[in-house]
Amino acid sequence: MSNYPPFGGRYDCGAAAAGIRELLTRLRRRMRNEAIVDEATARLAIRLNIRPAEAADELSRMAHDSGISLVEVAMGVDRPPDKPVEPPKLPGWVTGVLESVHVPACFLTPVRDATGRVVDFLIAAANQQAGEPAGRTPEELRGRRLIETSPGAANSGLFDDLLQVLETGETLHRGPLEFVEARDHLLWPATMTVRAVRMDNGLLVTWRALDDEEVLVAGWERAQRLAELGWGEWNLATERTLWTPQMYEMFGREHGEGPMPLEELPLVVVPEDLSIVDDQLRTLLEHSEAVETEFRIHHRHGLRHLSVVSEPVLDTDGLPVKVRFLVQDVTKNRRRERALAVAHAQASRQRERAEEEHRVTVQLQNTILPVRRGLMQLPGLSIGVRYLPGEELARLGGDWFKAHPIPDGRVLLAIGDAMGHGLAAASLMLQMRSALAGLAYTHAPANQLTTWLNDLLVHSNEGVTVTGTAIIGHFDPADRTLTWTNAGHPPPVLVRNGRAELLEGVPGTMLGAFEAAQYGLATTRLEADDTLVLYTDGVIERRSQDLDAGIAALAQAGSQCVGDDPEKMIDCVLSHLGGRASDDDVCIVAARIL
């Protein structure tokens, strides 16, 4: 089955083609604008007798001061007077040298400003092959400035290169050089090579525009370097070998050593891959068949992976007289594949660990909190419960609750949140809830239970700080009083006569945060038909909203959800809060006073 979308489907070929045309139009417009600026820079440099870089700065200043775009300012720069300068008298050998060169050539003399600084070059002489795109003949070029005839020389860096040749005497060889110039706002692109050498007080410059075939050859050479491709031919009869430059780099040989003889190829192959190379050479030489292989070689820079397509060249009797290799260095690809394989294996292991942790976490939660919803009837109380675990694996948290009668006739009411998510939070939840269940049988007041629970968390987790929040209280059905303490948890909400308000207790620090923490005790007298709402932060947390706003929204929902059934009240409250209030665990307990 094809991996490509069908015609007329999601992708519109016509729109894609139009988009590319628009992109090319913008690029050509930009190229034309740059060429126009180059031409204006050259005109300004000639008029002011300054260097092209200084003229470019002046042109930018003119555009800035006038508030007009740089291209518009450039188009307004007038052409300097068309008056060639009489060049200095040259030695006779200059003409002889120029005419002996079979490519376009000219002799440049420096043009200086009032301080003696070179600001341009004058074409003092040119041979018959010289000329320029606008059609000037070599005779017409004589006596004209370089940047007048070639405005792109400055922006391409060629002008600075020629200055360096004049100052240092170092020979210049540049190319292929992409040249785009403007003549009367028309583009004249070319690809050329340029050479320059200092002679006496001037420069002998030659250049040659590359034809299409040469451009393709140069492009192929660049492609070989970019793609790390090499080509080699072994003549089996004459033992003569031809290698492209990239082959030397791939096989780690110096050019002075010459190409590697075919029989020495196994000497650089890693032992594990010798059978591959042996089979390749036998296929070429004995069976006269082309073969595609990949093997590793020892290189001065380490191990290299080479992908090789080889073929024999046969004579009229079918015997191989040459073998040709097209070789690509695929070391980077193999390293990238290994890195991706390692990353994939690591991700798989992490996913497996996460899934196992999730399974254990859910199992712990099911063991600790088998009641996720429902109605419990306890002395003096009708209690509705709703526990919704986080929807994402990583968001499974440590929310817990406890509602249980104790032997002295009171009911233990508690809700808490172990900080964090996943297995660690579930384990801490188990530790807190189980410890509280055992400590409750001491009949100690709620603040003492909270202090003991804090000590347990501080001292039972060596070297690791674990924290949690909780509200722990005792409800006495005899006088309908709740004595309770708060360890850093959101305050309870009391709904009475259709109005909801927060219960103000004695605030305390989070469990496990500090040693020897002390907690205060608050007493709240309740009335029949009151509803006490305990909850975890998953109920009130919402994206882009602080906790105070979430608590206020919960209180408002409690005022609108008055009823005799605590379970229906929880449904109503969660509905007002938007279903599930957050991606985190949600635990809410509604205790109706009987």
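Me: In the hairpin of S17 and S18, which residue takes a positive phi?

Reply: In this predicted model, the hairpin of S17 and S18 has 2 residues between the strands, and Asn-497 takes a positive phi near 55 degrees. The two strands run antiparallel and are joined by 4 bridges, with Arg-496 standing opposite Arg-499 in S18.

Me: Which residue stands opposite Leu-494, and how many bridges join S17 to S20?

Reply: As a general idea, the side chains of a regular strand alternate between the two faces of the sheet. Here S17 and S20 run antiparallel with 3 bridges between them, and Leu-494 stands opposite Leu-532 in S20.

Me: How should I read helix H17, and which of its residues are buried?

Reply: A residue counts as buried when its relative accessible area is under 20%. Helix H17 spans residues 547-560, and its 14 residues reach 20 Å from the first C-alpha to the last, close to the 20 Å expected at 1.5 Å a residue. Its buried residues are Gly-550, Ile-551, Leu-554, Ala-555, Ala-557 and Gly-558. These residues lie on the same side of H17 because they cover an arc of only 160 degrees around the axis.

Me: What does the face turned away from the buried side of H17 carry, and what covers the buried residues?

Reply: The face turned away carries the exposed residues Asp-548 and Gln-556, whereas the cover over the buried residues of H17 includes strands S17 (493-496), S18 (499-502) and S20 (531-535), together with helices H16 (537-540) and H18 (566-576).

Me: What share of the protein chain counts as buried?

Reply: Of its 594 residues, 43% count as buried, in a chain with 18 helices and 21 strands.

Note on methods. Residues are numbered from 1 along each chain as its sequence is written. This is a predicted model: local features need pLDDT of at least 70, side-chain atom pairs count only at pLDDT 80 or more; totals for chains, interfaces and linings use all residues. Side-chain values use heavy atoms; hydrogens and water are left out. The expected span of a helix is 1.5 Å times one less than its number of residues. Buried means under 20% relative accessible area, exposed over 50%, partly exposed in between (1.4 Å probe, protein chains only). The arc is that of the directions from the helix axis to the C-beta atoms. Contact means heavy atoms within 4.5 Å. Two strands pair if DSSP finds at least two bridges between them.
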